[in-house]
Amino acid sequence: MKIKSSISDLNYQTIINQNDELKLHYRYFILRCRSAFKLLEINEKYKILRSGQTVVDLGCAPGSWTQVAVKATRANVPGSKSLVVGIDLSPIHPIEGATLLNALDFTTDGARARMIAALNGRPVNVVLSDMAPSASGIKSMDHSNIIKLCYSALTFAKETSAQGGSLVMKAFDGSESKQLVTDAKTVYEAVHIMRPQASRKESSEIFFVCLRYKGITPPQQGTDEHNSDIQNVMTHGNDSGSDRGL
């Protein structure tokens, strides 16, 4: 297969199901993790990332989603008006064109304050959350914990998003997914659930793609209940887990 000239030129539908070719592109573009292709696939379908945007990447280590965001928004081009800010509990090696907040738990007030300061008053066009809890091995518990992190991302998006903004959140499918969709629809015109072809076949992960932020509505009881438990969940990017071994 012929190698394309840039990340944005990739024909994802032809490579996602071909593991050898996926590895080839992964190495060619020096992406830090294969999970980059999940965001690339989401972006190809919904066109959420573009030049000039302000993008926040929650749970960004080791940085593959941040790399995609920088490339798609041209944040690494001299004179760019784009801003990409990533945060993670784990250390993150520098990425040209991105502002990275290392060793910070996004669910704490101090970390969120650091993120707000890094935005310097700019409304956010896209919030990305690849946050995941430390795995317990108990499916229902892991599902509940990652949904709490999604609510943390949703609350942050409600506080910082520009009109028309987008939110992408990773979760494990389960009983609480439906309520999260209901709550997200109070502030977004559309909420889609997507299973990227780049995800491993055995994975239960899904992605909530929330489009066209329409502003704050009265708080929903479900959101408040989840927010009260958020700080009990450790936040790591999905990239720091099983995807690292591609």
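The structure is a predicted model. The chain contains eight helices and nine strands. Of its 246 residues, 54% are buried. Among the contacts in the chain with a separation of 6 or more, 71% are between residues 24 or more positions apart.

**Helix H3 and its surroundings**

- Helix H3 covers residues 36-46. Nine of its eleven residues are buried, so H3 is largely enclosed by the rest of the structure.
- The buried residues of H3 are Ala36, Phe37, Lys38, Leu39, Leu40, Glu41, Ile42, Asn43 and Tyr46.
- Just after H3 comes Lys47, which has a positive phi of about 55°.

**How H3 packs against H4**

- Two packed helices are described by the angle between their axes and the distance between the axes.
- The axis of H3 comes within 8 Å of the axis of helix H4 (residues 64-73), and the two cross at roughly 40°.

**How H6 packs against H7**

- Helix H6 spans residues 139-160, and helix H7 spans residues 177-184.
- The axes of H6 and H7 come within 11 Å and cross at roughly 5°. This angle is under 35 degrees, so H6 counts as roughly parallel to H7.
- From H6, the residues in this contact are His143, Ile147, Cys150, Tyr151 and Leu154. From H7, their partners are Ser177, Gln179, Leu180, Asp183 and Ala184.

**Aromatic pairs**

- A pair of aromatic rings is described by the distance of the centres and the angle of the planes.
- Three aromatic pairs are found in a search of the whole structure.
- In one of them, the ring centres of Phe106 and Phe156 are 5.3 Å apart and the planes lie at 85°; the pair is edge-to-face because this angle is over 60 degrees.
- Phe106 sits in the loop between strand E3 (98-101) and helix H5 (109-119), while Phe156 sits in helix H6. The two residues are 50 residues apart, and the pair links distant parts of the chain.
- Phe106 has a relative accessible area of 1%, which is under 20%, so Phe106 is buried. Phe156 is buried too, with a relative accessible area of 1%.

**Cysteines**

- A disulfide is a covalent bond between the sulfur atoms of two cysteines.
- The count of disulfides in this model is zero.
- Cys210 is in no disulfide: the nearest cysteine sulfur belongs to Cys150 and is 8.8 Å away. A disulfide would need the two sulfur atoms to be within 2.5 Å.
- Cys210 is buried at 0% relative accessibility, and Cys60 is buried at 1%.
- Cys150 is one of the H6 residues that meet H7.

**An exposed loop residue**

- His93 is placed in the loop between strand E2 (83-87) and strand E3.
- The relative accessible area of His93 is 62%, which is over 50%, so His93 is exposed.
- The C-alpha atom of His93 is 7.8 Å from that of Gly63, although the two residues are 30 residues apart along the chain.

Key:
Residues numbered from 1 in each chain as written. Predicted model: local features only at pLDDT ≥ 70, side-chain atom pairs only at ≥ 80, totals over all residues. Heavy atoms only, no water. Phe/Tyr/Trp six-rings, centres within 6.5 Å; stacked < 30°, edge-to-face > 60°. Helix = DSSP H or I, 4+ residues; strand = E, 2+ residues; numbered from the N terminus. Buried < 20%, exposed > 50% of the residue type's maximum accessible area, 1.4 Å probe, protein only. Axes fitted to C-alpha atoms, helices over the stretch in contact; angles between N-to-C directions. Parallel < 35°, antiparallel > 145°, perpendicular 65-115°, else oblique. Contact = heavy atoms within 4.5 Å.
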